[in-house]
Amino acid sequence: MAISILSTVYKNHFPLPSNCCYPTTGKPAADFGIHGLWPNYKDGSYPSNCDPNNSFQQSQISDLTSSLQRNWPTLACPSGNGVQFWTHEWEKHGTCSESVLKQHDYFEAALDLKQRANLLQALANAGIQADGNSYSLSSIKEAIKDGIGYTPYIECNVDASRNSQLYQVYLCVDASGSDFIECPIFPKGKCGSQIEFPTF
């Protein structure tokens with residue numbers, strides 16, 4: 001793989017939409033949560049389900065379970081403890097990095113990258129808070145770039161009033177899953193020039 005993409009989702013669905021449920025471990029902390037660590041090609045395409053013989057083995061990540069429940073929670077219904085979500089992410093994406101990252105290494109790398117990115121702190125350092133106010137897309141991108149040294153891709157969703165909301169942040173990572181890099185290409189999509197950062 002040329003690169004991997006760390007995708008973090010802003011857990012702003014409080015109260016939750018009807019199609020989301022809190023995990024069985026309780027309401028997640030007010031933070032970004034990992035969506036996935038996805039091997040990608042430099043043209044933006046990506047492989048998936050690369051090794052059907054390498055299924056998810058919960059025993060291989062037992063020492064990471066509590067950290068995964070805090071940092072990589074599921075909001076799917078019915079409520080779960082995260083195992084089904086992690087299984088999906090490993091089997092669809094993780095198996096495509098298994099030549100570099102074995103299962104434990106894959107999950108550990110994602111946790112380490114999320115901690116190093118520290119997105120809430122990077123935004124707070126620039127005066128951007130989860131306070132329901134709107135901020136410019138450029139200021140959000142600049143704050144994250146100042147925090148980690150690399151340009152993020154920002155994905156938005158739209159609230160009931162059709163306002164752009166901060167939803168997901170993508171950061172590119174080298175093929176070893178150890179260091180952030182500049183993204184050679186960004187996903188398609190757009191946000192408004194002003195983005196609401198919803199309260200938790």
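The model is predicted: local features need pLDDT of at least 70, side-chain atom pairs count only at pLDDT 80 or more, and totals for chains, interfaces and linings use all residues. Residues are numbered from 1 along each chain as its sequence is written, and side-chain values use heavy atoms, with hydrogens and water left out.

The chain contains five helices and seven strands. Helices (H or I, at least four residues) and strands (E, at least two) are DSSP runs, numbered from the N terminus. Read from the N terminus, the order of elements is β-β-α-α-α-α-β-α-β-β-β-β. The C-alpha trace spans about 45 × 35 × 25 Å along its principal axes. The radius of gyration of the chain is 16 Å, which agrees with the value near 16 Å for a compact globule of 200 residues. This radius is taken over C-alpha atoms, and the globule rule is 2.2 Å times the number of residues to the power 0.38.

Of the 200 residues, 48% count as buried. The accessible surface comes to about 9600 Å². Carbon and sulfur atoms hold 47% of that surface. Accessible areas come from the Shrake-Rupley method with a 1.4 Å probe; for residues, only the protein chains shown count as cover. Contacts (heavy atoms within 4.5 Å) were also counted. Among those with a separation of 6 or more, 74% join residues 24 or more positions apart.

Helix 3 covers residues 103-117, and Gln-103 is found in this helix. Gln-103 is buried, with a relative accessible area of 2%. Its neighbours within four places in sequence are left aside here. Beyond them, Gln-103 is in contact with Asn-54, Ser-55, Phe-56, Gln-57, Gln-58, Gln-60, Ile-61 and Trp-90.

The chain carries 13 positive and 19 negative side chains. The centres of the two sets lie 5 Å apart. Lys and Arg count as positive and Asp and Glu as negative, while His and the chain ends are not counted. The place of a charge is taken as NZ of Lys, CZ of Arg, CG of Asp or CD of Glu. Side chains of opposite charge can pair when their charged atoms come close.

The structure holds three salt bridges. A salt bridge is a side-chain nitrogen of Lys or Arg within 4 Å of a carboxyl oxygen of Asp or Glu. One of them pairs Lys-114 with Asp-31, with the closest N and O atoms 3.1 Å apart. Lys-114 lies in helix 3, and Asp-31 lies in the loop between strand 1 (3-10) and strand 2 (32-40), so the pair ties together parts that are 83 residues apart in sequence. Lys-114 is buried at 11% relative accessibility, whereas Asp-31 is partly exposed at 23%.

Arg-116 also takes part in salt bridges. With Asp-112, the closest N and O atoms are 2.9 Å apart. Arg-116 and Asp-112 are four residues apart in helix 3, so about one helical turn separates them. Asp-112 is partly exposed, at 33% relative accessibility. Asp-179 forms a salt bridge with Arg-116 as well, and here the closest N and O atoms are 3.7 Å apart. Asp-179 sits in the loop between strand 5 (164-174) and strand 6 (180-181), while Arg-116 is in helix 3, so this pair ties together parts that are 63 residues apart in sequence. Asp-179 is partly exposed, at 41% relative accessibility. Shared partners join Asp-112, Arg-116 and Asp-179 into one network of salt bridges.

Some backbone features lie in loops. The peptide bond from Cys-77 to Pro-78 is cis, with omega near -5°. Pro-78 lies in the loop between helix 1 (65-71) and helix 2 (83-92). Asn-49 is not a glycine, yet has a positive phi of about 50°. Asn-49 belongs to the loop between strand 2 and helix 1. At 49% relative accessibility, Asn-49 is partly exposed. Arg-162, which is not a glycine, has a positive phi of about 70°. Arg-162 lies in the loop between strand 4 (153-158) and strand 5. Arg-162 is exposed, with a relative accessible area of 67%.

Notes
Buried means under 20% relative accessible area, exposed over 50%, partly exposed in between (1.4 Å probe, protein chains only).
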